[in-house]
Amino acid sequence: MATKKLYTVTDLGPGDGGKGGIIHKISSMRRAHTIIKVGGAQGSHGVQTSAGDRFAFSQWGCGTFEGARTHLSSRFVVTPEGILNEGTQLQFACGLDGVFGLLTIDEDALCATPFHGIASRIKELARGDNPRGTIGTGVGEAYRQAERYPDTAVRARDLSGSCLRDQIAAIREYVRRDLVHIIEGSFLEDDRDVVQEELSLLGDDGFLNYVVSRFRETAERVYIVDQDYLRREILNRDGVVVVESSHGVLTDRYYGFHPHVSAIRTLPQFTWAMIEEAGYSGEVIKIGVTRAYQIRHGAGPMPTADPAMSEQLLPGSNKVENRYQGKARVGPLDLVLLRYAIEACGGTKAFDGLAVTWFDQIQKNKIWSLSDRYSGADDFTYFTPSGELRVRHGEDLSRLSFQECLGHELQNCVPEIFSFDIAPAADRDILYDLCVGILGQKLGIPVRLVSFGPTERDKLCR
């Protein structure tokens, strides 16, 4: 008898948790027919298959190599230019013919323009040596503008409309006005030429025409579908669906540490609500993801950050520093932050299991370091008597102020580290049991998958 099953995959950190490989594993193991995307297109989810395929997906789902279709939901911020670039790469570099035919976009999905990207990058450059952290694609800028002025937003349904040029020109004008006072300020000497290049594009009508033509081309190459498509064609179908989200819980707009947060909401509750509103009646399996060590790519509090562990945990990594995201920091796995993220999502009952990624690096290093408490977590406004971060609920300015202060408090905390030596002869089964024992006890959620390498064959499930 055919059944329906849906997996949600949530990064329990600030991103970079390894969701891509987990989604590919589920897609391969369960033969998923569709990946539903939520969040934004700025993330790149790396996938490497046992067949030798390798790609960093942004707008296509991480089950693409397994033949799964991708649906960009109404809760996804699309970058049309990025769709064309990514689709071309998949077609010619990866040999996936007909890849554009695998993609559908909800007509209500918000579109970020290159002018939003310009705004994002200039604002980050204006912060000088005090970065907030951004990918720089403009997803957050588009989201904030749509909140303030919803009539100015470009939705997927508008990509083939007769008013598209006027809409994008209006967005360009909005960005110009928004940046007036910012560009009057000072910038670091090394950033000034970049700022001028960005500003020149804002005044270039040829660039505006180029953007319009690329947006129209996107509408011609992919399927833009009505809002009922999710229910009618995807969730009503027997088989497996995987919901792929961008970001991580610790960058949620109201639960991350302001201002080092995204404009969008990254908690899985919003995905669960979307699925429920669409009338889904099948089984839902909720998976939380964490690396075996802590990582943060860019600015923001990270108590266990340890520069001395960079080469140990990211040997030869391509996570190099760039002007917008900043530097990738690593350190011992922070169980305090993990428990906070889990509680923000509704507690241990919100998840059916954990997936632990990058344990192969721990295996190579022969030591696993973790932190289960901080010294200096003494202010009971922000910490519980047992030293846990307080989860304060709400969505208002006072909430943001609380989160910013909590972030400052975290900067002053000193993690207490404990370690396990990994025996050279320890095999994957022994290490899996170690994860189950430690994380199950400390986090209250069973470990269901441990990744010992990049491909689907390297991921052990129980």
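Reader: Let's start with the second largest pocket. How does its lining split by class into nonpolar, polar and charged residues?
Author: This is a predicted model, and in it the lining of that pocket has 12 nonpolar, eight polar and five charged residues.

Reader: Thanks! What volume does the second largest pocket have?
Author: Its volume is about 460 Å³. There are 25 lining residues, and those closest to the centre of the pocket are G39, S74, R75, F76 and Y143.

Reader: Which elements supply at least two residues each of that lining?
Author: On the strand side, β1 (4-11), β2 (34-40), β5 (69-77) and β8 (239-245) do. The helices α4 (139-148) and α9 (268-277) do as well.

Reader: And where does the largest share come from?
Author: From β5, with four residues of the lining of the second largest pocket.

Reader: You mentioned α4. How do the axes of α3 and α4 cross?
Author: The axis of α3 (residues 114-126) comes within 7 Å of the axis of α4, and the two cross at roughly 110°. That angle falls in the range from 65 to 115 degrees, so α3 and α4 count as roughly perpendicular to each other.

Reader: Nice. Which residues make the contact?
Author: From α3 there are H116, A119, S120 and K123, and from α4 there are E141, A142 and Q145. By class, the residues of this contact are two nonpolar, three polar and two charged.

Reader: How many charged residues are in the lining of the second largest cavity?
Author: None: the lining has eight nonpolar and three polar residues, and no charged ones.

Reader: Good to know. Now the backbone: which peptide bond is cis?
Author: The one from H258 to P259 is cis, with omega near 10°. P259 sits in the loop between β8 and α9, and both of those elements also supply residues to the lining of the second largest pocket.

Reader: Which residues have a positive phi although they are not glycines?
Author: D16 is one of them, with a phi of about 65°, and K366 also has a phi of about 65°.

Reader: And where are they placed?
Author: D16 is in the loop between β1 and α1 (19-30). K366 is in the loop between α12 (359-365) and β14.

Reader: Last one: are D16 and K366 buried, partly exposed or exposed?
Author: D16 is partly exposed, with a relative accessible area of 22%. K366 also counts as partly exposed, at 33% relative accessibility.

Conventions:
Residues numbered from 1 in each chain as written. Predicted model: local features only at pLDDT ≥ 70, side-chain atom pairs only at ≥ 80, totals over all residues. Heavy atoms only, no water. 1 Å grid on protein atoms, 1.4 Å probe; cavity = no way out; pocket = protein on both sides within 12 Å on 5 of 7 lines; lining within 4 Å. Points joined across faces, edges and corners; volume = space filled by probe spheres on them. Nonpolar A, V, L, I, M, F, W, Y, C, P; charged D, E, K, R; others polar. Axes fitted to C-alpha atoms, helices over the stretch in contact; angles between N-to-C directions. Parallel < 35°, antiparallel > 145°, perpendicular 65-115°, else oblique. Contact = heavy atoms within 4.5 Å. Buried < 20%, exposed > 50% of the residue type's maximum accessible area, 1.4 Å probe, protein only.
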